[in-house]
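Please look over the structure shown here before turning to the notes. They move from the whole chain to single residues.

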Amino acid sequence: MIQIDEACQLPECTLLSLLRSFPNANYGLIGDIKQLPPFCEEKLKGKLKDYGVGNTMERAIEKKMFPEAIFRYVYRCHPKITELLSELFYDGNLISGVQEDQRNEFMRKRPDFWPNPHYPIILVDNQDPAYKIGTSCGNVTEKILVEQIVEDLLKERDGYQLKKSDIGVISFYSGQTAILSEAFSDTDGVKCDAFRGSERKINPFYSDQTESLSDASSDTDDDVADSFRDTGVKCGTVDAFQGSEKEVIILCCTNERISEFMQLSNRLNVAMSRAKQATIIIGNSIGLCEAKYWKDIVKKVEENGCVADTTKFPFYVSTEQKEDEKDKIVFETDEDEEDDDIETDFEIDFENLFIFETPEPEMPSGQQKW
């Protein structure tokens, strides 16, 4: 019996390889088609996309190709988060398998931080705009907020203290993920789990960084960022977090304008279901209130009195802090954008790309194939 977890992200080519390697095995696919599908490069199209990557589990369910069992009970999240996700994405069919007192120890023992111990989501309103990082973006105030929030989360109160590995930081934007990963990296420049399938990247828009990992991890004037090196706090994109869970998640919206990809049900579903106890959303309340799904989340947060007080630490950021952080950033100019228009003679035609299988060599008589 071969059991495949997170099967909604299983590429077609991987399943075919398993079927060929173990033709007599029974297979069990476990996953959620309402979460993220297999990763696929944007330029990949046509048959190579449909059959090379595909979406095996979704197609199997829609066409009733396999016997199906539906699991409705959710054991990870706080019951109120399960209830919210059920309403937004599952037509009310999810059932929480845990009680509230099994998922609210942090909120109960940190009244100095959490405004309502009975509701597991708070919103930190960040009205400051994002800045461009290539095709992505970053946000100065958000970075400072994340560092301050993590610092406060790690404090001991009433005999309770979160471990560094209990905290996860999710960003929807790879540019901001690179910045946050750098802030939470150890002194040897080892990456956090920031990108799926790639190494940590030095952010070219921070002036105190170089191409050298050792230089990138050297001491800076940013005492707050340095204090978090080697913390064990996981920082990554939504894709990198699928299949993971943390006690507390900090969810970074980064851009004041809520982009269409942030309103995709499967992406938001993954982002909001990573926390066992509590989720801290940092975002522009005006933009969120105008966005699909997000407006329902903000409404629930407001009804439960869980909008953070941005006049107090760790949710307050001074003008001086913002200016100090901006001094480290090399912002893009119109001249930088000209590089995007440079044409090259080399481009892969994914639509007409074919893959040829090399025939296996014949084995000498009497020799066993392994």
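What follows is a briefing on a predicted model, grouped by topic.

The protein has 370 residues, of which 46% count as buried, and its secondary structure consists of 15 helices and 11 strands.

**Overall contacts and surface**
- Among the contacts in the protein with a separation of 6 or more, 75% are made by residues 24 or more positions apart.

**A buried helix residue**
- Gln176 belongs to helix α7, which spans residues 174-183, and because its relative accessible area is 0%, Gln176 counts as buried.
- Leaving aside residues up to four places away in sequence, Gln176 touches Cys137, Gly138, Asn139, Glu142, Lys143, Ser171 and Thr254.

**Backbone features in loops**
- The peptide bond that joins Phe313 and Pro314 is cis, with omega at about 10°, and Pro314 is found in the loop between α13 (294-303) and α14 (319-326).
- Lys64, a residue other than glycine, has a positive phi near 50°, and its place is in the loop between α3 (56-62) and β3 (73-74).
- Lys64 counts as exposed because its relative accessibility is 69%, and the cut-off for that class is over 50%.
- Asp91 is likewise not a glycine, yet its phi is positive at about 55°; Asp91 lies in the loop between α4 (79-89) and β4 (95-96).
- With a relative accessible area of 71%, Asp91 is exposed.

Conventions
Residues numbered from 1 in each chain as written. Predicted model: local features only at pLDDT ≥ 70, side-chain atom pairs only at ≥ 80, totals over all residues. Heavy atoms only, no water. Helix = DSSP H or I, 4+ residues; strand = E, 2+ residues; numbered from the N terminus. Buried < 20%, exposed > 50% of the residue type's maximum accessible area, 1.4 Å probe, protein only. Contact = heavy atoms within 4.5 Å.
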